[in-house]
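Colleague: I am new to this structure and would like a close look at one strand and what surrounds it. Please take me through it in one go.

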Amino acid sequence: GGPTSDTSSDGGQARAAEDEVVVSPAFRMLVLANPPGFPFQGNDFFRECGDVFGALAVPNPDAQSQAELLRRVAPALPRHDLATLLSLFARLRLLHAQGQLAYPYSVRELVLVARHLDAFPDDGLHGALADVFDADAEDKPTAAILGSVLAEHGLHALALEMRRGRRQGDTSLQLEERSAEFGGKADKKPPPMPDGGPKHGEWDGKPHVGGNKYAGGTGGTGTAGLGGRAGPYRLDVGQRVHMLSEAEKAEGVSQEALESAKRMADEAYAERLRDIGLNAHDAELHDAYSSGVAPQVVRMRRVLHDHREKARERVWLKGRPNGELDESRIVDGLAGSSSIYKHRGPKPAGASGGGKRVSLRFVMDLSGSMYTFERLDGRKTRLLEVALFVMQALEGLESTYEWSMVGHSGTGPEAEQLVTWGEYPQGEHARLAMLKRMEAHTQFCHSGDKTFEASRRAIANVASREADERFVFIISDADLARYGLDPKEWSGILTSDASVGAYAILIASNEDEAARIHADLAPGRGHVCTDTSQLAVTFEKIFQASLSGDG
């Protein structure tokens with residue numbers, strides 16, 4: 001016959017000449033492709049041409065199938081080594097799925113190790129596995145995780161080698177028991193304001209409860225300490241904390257004394273900011289914060305990449321003059337319309353999830369409770385880790401994700417402009433300086449809670465940005481009840497602007513109150529994240545919901 005033509009799914013037409021081979025209708029092609037994202041580089045195969053294939057996701061084989069595979073490729077492999085390898089790689093893949101490891105240790109690496117052992121049995125598991133993990137040995141957080149997993153499986157010599165690059169010394173937080181350190185109440189009324197008004201107080205190195213003379217006490221009046229009232233700022237010296245109620249804090253304290261305490265706090269804070277600088281210890285301090293979130297940064301960068309790529313995913317474009325017949329438009333065709341076809345193409349600009357510009361604003365809780373309860377549940381450390389997590393995860397992605405960060409406290413709803421739009425902290429020096437600034441604010445800020453007003457302002461700020469998607473993330477220690485704040489009012493604020501996805505992320509260990517707040521917020525607008533290992537998963541849920549229209 002003569003030349004033939006065919007129409008592709010994107011509307012293009014191909015014509016075969018007399019001397020060309022025409023593809024048979026019975027022709028089939030099987031294509032194996034890696035999943036998109038790290039560590040598989042190159043084009044996203046499914047996004048580009050997956051619509052012309054019948055796609056099938058192939059998971060890792062189950063344990064029994066993996067064991068049979070290893071017996072075939074490594075028949076001389078001892079049974080105990082086989083069992084160790086199966087357990088080890090199952091654990092590694094679980095850590096990858098949880099976002100703690102970036103590399104998906106697959107059956108491919110498992111087979112390579114088994115073949116190595118079969119060919120060179122004298123190398124043992126240590127020698128066979130060394131090559132697999134060498135690339136990760138230089139990354140301190142990853143090496144630490146791998147070292148722990150290897151030790152769990154009896155591979156202590158290899159675990160020690162993995163850990164050699166890790167910073168020495170114990171940087172873990174030693175948190176005292178709640179019953180020994182927190183929750184006590186003074187057995188008498190707090191004393192009056194000291195003569196002359198608020199002051200730092202004298203120092204004698206002894207514990208003081210309910211006084212008004214010494215610094216470093218607790219439950220007192222007018223001096224630097226914890227849990228008291230009208231002191232100029234907080235001072236944690238390891239004392240057992242006796243918390244005054246809000247009513248006790250307000251009783252018998254003049255407005256003049258409160259204003260004087262605020263002035264002292266502002267002056268001390270300004271002096272602290274002048275003193276902030278970096279020294280030899282700071283590299284270790286930065287590493288300490290970074291190691292707590294490094295695996296989450298890796299996963300979050302993958303989440304951000306996937307969110308960006310998802311926005312570019314090809315969709316069915318309907319109402320076209322060519323392409324495949326759209327069966328839902330047959331009646332229109334009978335009526336004479338020519339726009340009854342559809343074909344695949346990029347999402348139109350402005351379509352949900354199709355944006356090329358995303359605006360993010362992070363609202364950080366820098367209230368005094370972050371400083372006061374640090375020894376109880378490490379919430380201030382967790383707050384600083386979240387801030388570093390954000391900075392590291394978004395680094396280099398600013399062409400798609402513009403972002404800013406603000407801090408609120410009793411001092412004000414925008415007490416700290418931490419990161420302004422387009423002016424991002426670069427390098428360890430700038431990032432650590434910002435963390436120190438946040439930490440200092442929690443110590444010297446005024447008492448009170450501005451969560452709701454901070455949320456309103458952040459939403460209004462992001463709504464004014466030229467962007468295809470807009471998000472606000474309020475990082476809070478879930479301490480609303482102490483100030484008589486109603487979570488339902490907060491829910492109304494979070495859902496007040498349809499153009500902005502606003503979300504509360506509750507990071508304190510007060511899970512009971514966090515659960516109550518979560519229950520009163522609109523579905524999907526509240527997330528409890530009491531462990532930094534949950535950070536990337538939390539943001540992943542939010543982004544997925546926004547793409548599906550459920551956020």
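Modeller: Strand β11 is mostly covered, with 8 of its 8 residues buried. This is a predicted model, and what follows describes that model. In a regular strand the side chains alternate between the two faces of the sheet. In β11 both faces are covered. Glu469, Phe471, Phe473 and Ile475 lie on one side, Arg470, Val472, Ile474 and Ser476 lie on the other, and all of them are buried.

The strands beside β11 come next. β8 and β11 run parallel and are joined by 7 bridges. One of the residue pairs here is leucine 360 with phenylalanine 471, its bridge partner in β11. β11 also pairs with strand β12 (residues 501-506), again in the parallel sense, over 6 bridges. Here valine 472 has alanine 502 in β12 as its bridge partner.

These strands belong to an open sheet of 6 strands, in the order β10-β9-β8-β11-β12-β13, and the pairing is mixed. The edge strands, each pairing on one side only, are β10 (412-419) and β13 (526-528). On average, neighbouring strands of this sheet are turned by 25 degrees against each other, direction ignored. An antiparallel pair is formed by β9 (residues 401-409) and β10, with 4 bridges between them. In that pair, glycine 407 has glutamate 416 in β10 as its bridge partner.

Helix α15 (residues 379-394) lies across β8 (358-365), β9 and β11 (469-476), and runs at about 165 degrees to β8. Helix α16 (residues 427-444) packs on the sheet too, where it touches β8, β9 and β10. The direction of α16 makes about 160 degrees with that of β10.

Leaving aside residues up to four places away in sequence, phenylalanine 473 touches Leu360, Arg361, Phe362, Val363, Tyr503, Ile505, Phe539, Ile542 and Phe543. Phe473 is also a member of the largest nonpolar core, which has 45 residues. Together with Phe362, Met364, Trp403, Met405 and Met438, Phe473 is among those that touch the most other members of this core. Helix α15 supplies the largest share of the core, 10 residues.

There is a second, separate core of 34 residues, and its members include Ala67, Val107, Val149 and Leu150. Val107 is also found in a contact between two helices: Leu85, Leu86, Phe89 and Arg93 in α3 meet Val107, Glu109, Leu110, Val113 and Leu117 in α4. Helix α3 (residues 79-97) and helix α4 (residues 107-119) pack at an angle of about 155 degrees, and their axes are 11 Å apart. Angles over 145 degrees count as roughly antiparallel, and α3 and α4 are therefore roughly antiparallel to each other. Their crossing is right-handed.

Some totals give the setting. The chain has 20 helices and 13 strands. Of its 551 residues, 46% count as buried. Among contacts in the chain with a separation of 6 or more, 66% are between residues 24 or more positions apart.

Conventions: Residues numbered from 1 in each chain as written. Predicted model: local features only at pLDDT ≥ 70, side-chain atom pairs only at ≥ 80, totals over all residues. Heavy atoms only, no water. Pairing = 2+ DSSP bridges. Axes fitted to C-alpha atoms, helices over the stretch in contact; angles between N-to-C directions. Contact = heavy atoms within 4.5 Å. Core = buried A, V, L, I, M, F, W, Y, C linked by side-chain atoms within 4.5 Å. Buried < 20%, exposed > 50% of the residue type's maximum accessible area, 1.4 Å probe, protein only. Parallel < 35°, antiparallel > 145°, perpendicular 65-115°, else oblique. Left-handed = near helix turned anticlockwise from the far one by under 90°.
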